[in-house]
Amino acid sequence: MLLNNFKQFVTSGLSGNNLEEKFSLREQQNRRLKEDVKSVLSCRQWIQIITNNTFDCTRFIGVVAAAAGAENYLPHTIPKIIAQVSEIGMMADIVIGMNNGYECQSVIDRFSLLPNVQVICLYTSDKLANNLPAKIYDNFRCEGEPYYFKNIDSQDCKHRIFIVHQKEGKYAAGKIRVLGDIYDSLLLRSIEHGWIPPKILITFDAESQFLVEQKYAFVEPESNGLMLMVRELEKHPEIDILGTRNKFAVYQKGMVDETKVLLPNFSEEVPPLQWFLNIVHGKYNGFKWMPGGGTAGKIDAMVSLLVVICQRYPGTRSEDTHFTILAKYAGFIGDIFLDVVSINRSPSFSDMTMDKSPKKAWIEQIFRWNAGCQGLILCYGKHNVQLIASDCFPWSIFSSPIEFLKRLKGREKLTLYTIAQKLRVLAIAFFVSRNIRNRSLEKPDILQGSKVKASW
């Protein structure tokens with residue numbers, strides 16, 4: 001229904017000859033954006049008609065993709081999110097997509113021991129193309145009818161964790177591929193078959209934690225940021241999508257309930273680029289994307305956006321930025337709740353990549369995201385993207401320099417020495433970002449076609 005039938009574009013090899021075609025490059029980008037927005041709005045309208053605008057306000061659904069390494073986070077983050085949902089007075093349905101044959105059976109077994117939690121294992125059939133969702137079944141052989149969510153008695157007070165085992169295959173690898181199976185074959189098709197979905201859906205990553213950090217002062221480790229998000233959505237029913245503020249932290253080994261996990265260490269300094277993003281995200285133009293590691297919203301808006309992205313752009317890496325762009329031009333009302341942060345893992349200064357020629361991991365993390373952003377700029381045009389995601393310095397910070405200096409200093413006392421040290425780190429971030437920008441311009445992500453790569 002929502003497959004992209006208009007002419008594919010290739011993000012590499014653009015030449016001056018394109019300007020001589022019937023439509024200029026800018027016009028092609030505008031038209032592509034318009035077509036995508038039209039499909040998003042059509043899908044949302046379809047969901048509203050099928051459901052008669054009736055949604056379950058007693059339950060809450062969350063979706064997360066998992067791959068190698070997720071076993072270091074999920075034993076802590078999933079129970080924590082379920083506990084936060086319980087504190088709100090709701091029940092949780094958590095869908096975990098195990099990408100391309102990835103398994104962590106010990107973690108699943110541990111979920112089965114959680115009180116008041118039901119674990120349900122689901123399995124995908126073969127994925128026939130990188131942009132086609134695989135069907136989902138409740139048995140390993142993928143026999144019989146596909147699995148769909150069913151309406152449950154409101155008295156059923158169990159939380160549920162759905163483990164979607166995505167079959168390993170040629171077209172399966174990549175975060176957006178397993179999300180495509182979940183949002184289309186499970187959520188959208190369940191709605192088609194009469195399921196009344198929860199009103200609120202939240203996207204998050206394996207390491208995500210939803211915590212409170214008011215006025216950029218300090219993170220409250222035991223706070224319930226999810227509760228603040230839900231209350232904000234209830235207080236402002238006109239909001240379609242509410243993002244958290246992204247917060248990078250270096251993770252360290254720890255123990256939770258006798259299980260080894262990785263936990264954020266808020267006392268350790270993060271590298272310059274991640275530190276800079278901690279300061280500017282959500283506040284300044286060019287840094288206003290809704291983070292995939294922590295965004296909540298109305299399920300009809302969220303599903304319609306993600307279904308279109310997954311089907312049309314199987315090479316997208318920055319699905320959160322992509323998501324925010326389409327939401328903006330679809331007219332969805334969105335905001336970033338600055339008092340709530342979603343924790344995103346940052347490499348430490350000393351971490352190196354596992355490549356044949358090891359590189360600084362903190363630089364490569366930002367390069368990957370920049371390459372994804374450059375792919376989106378080629379897709380929709382810089383003029384349509386730059387307010388949400390930009391590789392330029394946010395000079396607007398100087399319109400309120402005192403406010404920026406307060407964010408710059410964090411919890412430290414504002415002295416000349418402190419300012420000098422922070423400005424030094426800021427300068428490092430600026431010059432490193434220029435090098436990353438040049439690299440990403442040379443190697444932007446390819447979003448469509450046979451040359452797309454599996455991305456995380």
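Reader: Which residue takes a positive phi just after H2?

Author: Gly89 does, with a phi of about 95 degrees, just after H2. This is a predicted model, in which local features need pLDDT of at least 70 and side-chain atom pairs count only at pLDDT 80 or more, while totals for chains, interfaces and linings use all residues. Residues are numbered from 1 along each chain as its sequence is written, and side-chain values use heavy atoms, with hydrogens and water left out.

Helices are DSSP runs of H or I with at least four residues, strands are runs of E with at least two, and both are numbered from the N terminus. H2 is mostly covered, since 11 of its 15 residues are buried (under 20% relative accessible area with a 1.4 Å probe and protein chains only; exposed is over 50%, partly exposed in between). Among the buried residues are Leu74, His76, Lys80, Gln84 and Ile88.

Grid points are joined across faces, edges and corners, and a volume is the space filled by probe spheres set on the points. The structure holds 2 cavities of 30 Å³ or more.

The largest cavity has a volume of about 130 Å³, and of the 18 residues that line it, Leu179, Thr203, Gly292, Leu306 and Glu319 lie nearest its centre. Strand E1 (56-66), helix H4 (175-192), strand E6 (198-204), helix H7 (299-312) and helix H8 (319-329) each give two or more residues to this lining.

The second largest cavity has a volume of about 60 Å³, and its lining includes Lys127, Asn130, Arg177, Asp184 and Gln311. Here the elements that give two or more residues are H4 and H7, and H4 gives the most, with 4 residues.

Note on methods:
1 Å grid on protein atoms, 1.4 Å probe; cavity = no way out; pocket = protein on both sides within 12 Å on 5 of 7 lines; lining within 4 Å.
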